[in-house]
Amino acid sequence: MKQPLFRRLPALVLILALLGQAGALAVQDDPDASYSASLTVLNADGAPASVFQPGNGSADQPTSIVRVACALDKGGSSRENRLYCVQLEITYDPTCLRFEGTEGLADGFVQGHPKAGRVILAFLDYSGDGRVFPADLAVATLRFTALRDAAAEFALDRDTALVTNADATARPLALSAPRPIAIGSGVEVADKNTLRGLLSAARQEADGTLVSEKGADAYNDQKWVTQAQMDALRKVLDAAGLVYQDGAALQAEIDEACTGLRAALETFFTQQSPGLLSRAVTYRMTCRQSEGGTVTVSAANAVRGSSQTFTIRPDEGWRIEDVLVNGRSVGPVRYYTVADVRESYTVSAIFAPKPDPEDWVNPFRDMAADAWYFDAVRECSIEGLIKGTSESTFSPAQPLTRAAFLTLLCRLEGGGIQGQDTENPCSDVSEDAWYYPAVLWGLRSQIAVGGGDGLFRPDAVISRQEMAVMMARYLDFAVPGAGSGGEAPKFPDEGAFASWARESILRCGALGLLQGGDGGNFLPDASATRGEAAVVLQRLLHL
């Protein structure tokens with residue numbers, strides 16, 4: 001028989017992503033770290049217990065409190081417990097237990113909005129450095145009220161439990177076995193509420209199932225049964241409905257109606273046949289996000305070979321901090337397209353509130369407030385487009401690489417694409433490189449080109465004229481209405497421009513995106529710096 005409705009409700013999944021570039025463990029990471037999460041059921045006095053009495057708060061049946069302590073223990077060579085992201089989901093039966101709240105929540109952890117039968121406890125480090133907790137961490141204690149006689153259990157959901165390191169790679173995590181309890185006699189006593197729930201479940205199944213003799217008119221994931229099979233379920237439904245409406249129904253009649261409905265539902269589930277097209281291979285497309293925005297996808301179940309696009313939208317006053325695709329960072333992109341679905345995908349987004357420009361505190365000791373690039377770095381930092389070379393340095397004079405500048409343009413446009421049909425034409429661009437998604441995006445968008453020798457040279461320093469060419473191609477791709485600007489400025493060293501870059505340099509100059517330096521010279525072969533990149537990024541942002 002299918003799981004009860006409360007066990008089929010979608011979980012509230014918090015963010016499964018972390019700050020930082022994928023592909024490199026933070027220095028604080030403990031390579032052999034492993035974790036175990038456990039649940040302990042306690043009575044109102046805090047002692048271990050497995051038997052509870054039902055209560056409704058009356059004098060005859062005082063409220064019966066059930067406490068469930070959740071703990072996370074760390075193993076490995078180091079006892080330092082530096083956590084980056086944790087998610088634990090506790091499931092229970094809401095028909096016999098009512099969730100009342102959380103006690104003793106560990107500092108930094110949050111309780112997700114509870115849904116029927118599920119409570120999520122989660123921690124996410126926004127600094128990228130992790131937070132140190134005790135090796136034997138008491139995460140929280142959940143408080144429940146026992147409602148009626150039943151056998152129940154508390155369990156940790158294996159599908160959503162997660163502990164990661166700094167680059168969002170999952171750590172080994174063992175979960176304790178479900179913790180069974182008995183409420184009252186430990187045997188469920190059916191009542192009108194029980195019958196009402198079964199009636200609702202049966203009606204939903206009947207209304208959502210097609211009647212067909214051969215299933216030729218059933219499509220996608222639609223289920224179908226024959227008319228005789230549907231009639232059999234409807235007959236039991238009608239009889240149980242009469243018992244529910246009978247104000248004088250005996251307990252034996254309620255028990256018989258509940259037993260009959262359960263048996264009829266189980267038979268109905270086994271009789272259902274899938275629609276014709278549901279036999280096609282499909283993959284699950286999963287969206288996850290933190291507070292501050294949403295992730296949506298064109299289809300939750302994607303047919304093999306189809307194209308699916310994930311869209312990431314921050315709320316007003318928030319920005320995209322990072323997006324992970326199957327646990328791998330692709331940067332703060334606004335969309336991600338799987339061009340040819342061949343596996344399941346999970347896209348997780350982390351959002352961060354935008355600071356007010358007036359409240360922004362300069363974290364970079366190598367950037368003075370009167371520097372010509374200060375305003376650009378501040379705005380691009382607030383928008384999440386550019387970061388420092390460390391927490392306290394921006395390195396404005398540091399030359400920029402081809403991969404780094406293309407990554408900045410990718411962040412600005414918000415693009416990202418992946419798929420089995422997406423071949424990497426450049427042998428020097430590893431799929432494990434932090435810039436891989438941006439380079440692939442740039443090549444597909446024709447913003448960047450590799451050399452005829454099959455090399456992209458991602459670590460080569462980009463010259464000012466190479467930067468101008470990428471910017472002009474970016475305008476054609478992302479800002480087609482930008483035009484060519486007014487009259488191009490006169491650069492005394494125009495004769496030094498490469499023929500393949502001349503038009504792009506003049507266009508960027510006419511649009512005010514690039515300017516000359518000392519003496520008005522453009523200096524086409526000079527290395528572009530991080531400070532210059534921040535300024536042109538700001539200008540593109542306002543174009």
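Predicted model: local features only at pLDDT ≥ 70, side-chain atom pairs only at ≥ 80, totals over all residues.

Q: OK, then is Gln 308 buried or exposed?
A: Gln 308 has 6% relative accessibility, under the 20% cut-off, so it counts as buried.

Q: Where is Gln 308 found?
A: Gln 308 is in strand 21, which covers residues 308–314.

Q: And what is Gln 308 in contact with, leaving aside its neighbours in sequence?
A: Beyond four places in sequence, Gln 308 contacts Met 285, Val 297, Ser 298, Ala 299 and Ala 302, plus Tyr 336, Thr 337, Val 338 and Val 341.

Q: Zooming out, how many helices and strands are there in the protein chain?
A: The chain has ten helices and 26 strands. Of its 543 residues, 48% are buried.

Q: What share of the contacts comes from residues 24 or more positions apart?
A: If you take contacts with a separation of 6 or more, 76% of them are between residues 24 or more positions apart.

Q: Which loop is Ser 344 in?
A: Ser 344 is in the loop between strand 24 (335–338) and strand 25 (345–353). With 38% relative accessibility, Ser 344 counts as partly exposed.

Q: Which residues of helix 3 are buried?
A: Met 230, Leu 233, Leu 237, Ala 240, Gly 241 and Val 243. Looking down the axis of helix 3, these buried residues fall within an arc of 155°, so they line one face of the helix.

Q: Why would residues three or four places apart point the same way?
A: Because an α-helix has 3.6 residues a turn.

Q: What's on the face of helix 3 turned away from the buried side?
A: That face has the exposed residues Ala 228, Lys 235, Asp 238 and Leu 242.

Q: How do helix 6 and helix 10 pack?
A: Helix 6 (residues 402–413) and helix 10 (residues 530–541) pack at an angle of about 25°, with 11 Å between their axes. That angle is under 35 degrees, so helix 6 and helix 10 count as roughly parallel. Their crossing is right-handed.

Q: Which residues make that contact between helix 6 and helix 10?
A: Helix 6 brings Phe 405, Leu 408, Leu 409 and Leu 412, while helix 10 brings Ala 533, Val 536, Leu 537, Leu 540 and Leu 541.

Q: Last topic, backbone. What is phi for Ser 395?
A: Phi of Ser 395 is positive, about 55°, although Ser 395 is not a glycine. Most residues other than glycine have a negative phi. Ser 395 is in the loop between helix 5 (374–382) and helix 6, and at 17% relative accessibility Ser 395 counts as buried.

Q: And what about phi of Arg 457?
A: Phi of Arg 457 is positive too, near 55°. Arg 457 is in the loop between helix 7 (436–444) and helix 8 (464–478), and Arg 457 is partly exposed, with a relative accessible area of 41%.

How values were computed. Residues numbered from 1 in each chain as written. Heavy atoms only, no water. Buried < 20%, exposed > 50% of the residue type's maximum accessible area, 1.4 Å probe, protein only. Helix = DSSP H or I, 4+ residues; strand = E, 2+ residues; numbered from the N terminus. Arc of directions from axis to C-beta. Contact = heavy atoms within 4.5 Å. Axes fitted to C-alpha atoms, helices over the stretch in contact; angles between N-to-C directions. Parallel < 35°, antiparallel > 145°, perpendicular 65-115°, else oblique. Left-handed = near helix turned anticlockwise from the far one by under 90°.
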